[in-house]
Amino acid sequence: MLFNSYAFIFGYLPVTLAGFFLLASSSHRLAALWLAAASLFFYGWWNPAFVALVMASITVNYGFGYAIGHARLRSGKKAMTVLTVSVITNLGLLAYFKYANFFIANVSQLTGAELSVVNIVLPLGISFFTFTQIAFLVDVYRGIAREYNFIHYVLFVTYFPHLIAGPVLHHKQMMPQFGYAGTYRVNLENINIGLTIFIIGLAKKVLLADQFALYANPVFDVVAHGGEPKLIEAWIGALAYALQLYFDFSGYSDMAIGLSRMFNVKLPMNFDSPYKAPNIIEFWRRWHMTLSTFLRDYLYVPLGGSRKGVPRRYLNLMITMLLGGLWHGAGWTFVMWGGLHGLYLVINHGWRRLTGAEGESSGWRAVAGIGLTFIAVVIAWVPFRATDLDAALHMWVGMLGVNGISLPMSLAVRVPSGFNPLVVFEGLAPLSALNAQEVILALPFGLAVIWLLPNTQQWMAKYQPAWEAVRAPSRWSWQLSRKYGAVGGVLFALTLLMLTRESAFLYFQF
Amino acid sequence: MNYIFTVLSTAAVLVASAAVLNWTIDPAGLFRKSSFGQQYANYLVASEHGLLTPDSFDEREFKSELATDAAHYDCVVIGSSHVMQVGSTRKHRSFPTCKSILNLGVSGAGIEDHVVLSWLALSAGRPRALIFSIDPWTFAFGKDERWKVRYAEQYPVARMAIEGKNAVSGGSANRWSSLISAQYTKRSLGLLLRGASTPSIEVARSVDEDVGDEFAITLPDGSLVYSAAYITSAKIAKIPAGGESYKTDGAINDGRAVDLYRRLILWAREHGVKPVLLMTPYHQNVWMLEASPNVKAMVPTEKIVRKMGEELDVPVIGSFRPEIVGCLPDEFYDSMHPMASCVARLTARANL
């Protein structure tokens, strides 16, 4: 079931919400059980068979958590052994479902052996619920988490707002909230806030992300089939995809935060205007924040982080980003994307070390930093979206202008014929035949939204929308007033009218 | 309470307004059955030069009515918009050995349209030949959902008749979601602003089919003459390499669909009708990008069509390749719609 569907908005959500608070008035335990069951139903909507898989994963990990918690009281070594077994079990499950075919294909290619690919269906959200549980097990080992209530644990993992595409949750962020009595009482303000954030997220997805997809897909599709885009067309495709992905994933995260708030539970922020980041280090503090934190706490730091000298630090950064790339998908394109970001981070840290520049820049330096970071990120999104490395290479070649540039046909009369063989007058997007006028208006509009407007958390800062505290910008603040209610209503109506073209979220594939 | 009430009531009022507008204007006739399609079909066959094609009009509505008149024609053509130029009452006449042609082509026709329109045509009588125009997406289910709006109920019955199996239907959800669809609201608003809430039937005058008239014209044989504006814009429009991938992305050439189509051909023959397979060409530019979805779909589909023709002993006319059928680059409206002169050339030697 998609958040952006009539079935979810008019069926699942009101029933789950009403059932939760009705049951909560008689028993908190029953309400939690209801929410857990509803979350499993939500998950099973795609493929009921995978409910058994997620429940098996939860039961085994609950057992591991219990065992680690008990073992650490008696022997740290024994606890470490159980932790190691549990992490290997989880990664093994993930490896089987997500990476088996990637592994087989590469072994076949390297050895020349004809190994047949296994028919495996990737369970939805497996990367997210596996990482959530690994984090829990490590936290139990470190003594900062403990869970003996099975229903709460099931709820922590399956809680429907985050189950499919995050945010990646920490036990310490969630469990106290499930235990708090106030969570089980109807709180109209939280429902108002949650509904508003949900509507904003829905609008990002339906009105913006799905629209930019119409510009990105034709360009990447034609390149995937051997087309060689010229300068402007390649940049149109890459920029449109950068906007599509941001509005899609941050829209999903907003919806998750909003939905959860209706149940009086605050989720952590996942986006903080990443395209406004003045450098790549800052970008990773703002993009998919919960995954970045996970990779930092459970991979980069255990690898030694920055504690073992500069060369080792850079190596750790590269390893972390390469594995982060691989987490997104079993393909060399994702490894390339992770590797590029690893390289960016190494360069950024190296630059800081060289110049000693640590503080925030301002004025033109900040603007230049934002521009440079954005371009670097857009370049890296190319392999993330491309079907294979060849297609990514074709896009990059186009973006570098090697294939020349195509200008509007109307300019042809102003230029003497044959003045430059690399300049042709076949329109801005001759391969994908996009409507150039529409794209020229849409792309700056999308960029203006991300650069000039506050993000959802800033709009809603007055109401502390997420788990972390957010500073409110002085001029922009949403109010729970009638005037803003009408604006929210118009936005909601527009999204409902657009829902007839349902589309899945990009991050569902991970 | 005021806030949430304002949000929900504002949204409800706006969505309800859109629904009322769509219900009232109903540009595609989705919600209220009318005899418009029947009237249009009756006027059309009686007209001398055809009728103006209403702007917002579900052609499946009148083509399914026309199908019931198939027995009065020598040859009947089933297919998508690619065969809209096939006809016997036009300047560039197609299939000269057909004494008369009834064109049942509908935009984006999928296999479901082929099944229902063939069944309707043969249930009412028996033309001499049934010409099945195959597109690169024909051998796949669900490539176009519009059939559900017009003949959701007939499809399972037609399919049962052809292969003796039950089929799943379900067009009502699709229809009702149109009530609050932005796309349908845009159409309704457009019609409302133009002040044409219900389509009217207007007789066409005689025009040069290569030039067109102010509005598109449906000729008495069911074929189409595009509007002058469209023909003019098509002449200067640029066709991208590989063409736009229309219905050629995703699943094509599903074995079950191929099997159903074989049964459809055999079923037509059992009814004493001569089945014929037709392929209309795509523009030369489309073939420039061999890895494009269009080319990747056309090559295997053409192989299937030729094999089917050979095995079932059914004539195969035309090709997706323009050089084979001899159509020139300027004989196309766009990447996939050949002009009547091209169609006439490719069907000139067909001896049906």
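How many bridges join strand β5 of chain B to β6(B)? There are 2 bridges between β5 (residues 217–218) and β6(B), and the two strands run antiparallel.

This is a predicted model, in which local features need pLDDT of at least 70 and side-chain atom pairs count only at pLDDT 80 or more, while totals for chains, interfaces and linings use all residues. Residues are numbered from 1 along each chain as its sequence is written, and side-chain values use heavy atoms, with hydrogens and water left out.

**View 1. The open sheet of chain B.** Its 3 strands have the order β1-β5-β6 with antiparallel pairing, where strands are DSSP runs of E of at least two residues, numbered from the N terminus, and two strands pair if DSSP finds at least two bridges between them. Because β1 (51–52) and β6 (224–225) of chain B each have a single partner strand, they stand at the edges, and one side of each is left without a neighbour in the sheet.

View 2. B:Thr218 has B:Leu224 in β6(B) as its bridge partner.

**View 3. The contact of chain B with chain A.** With contact taken as heavy atoms within 4.5 Å, 25 residues from chain B and 32 residues from chain A take part. The two chains bury about 2300 Å² between them, 75% of it on carbon and sulfur atoms; buried area is the accessible area (1.4 Å probe) that two parts lose on being put together, summed over both. In chain B, the most area is lost to chain A by B:Tyr3, B:Val7 and B:Lys238, together 27% of what that side buries.

Definitions and conventions. Chains lettered and ligands numbered in written order. Helix = DSSP H or I, 4+ residues; strand = E, 2+ residues; numbered from the N terminus.
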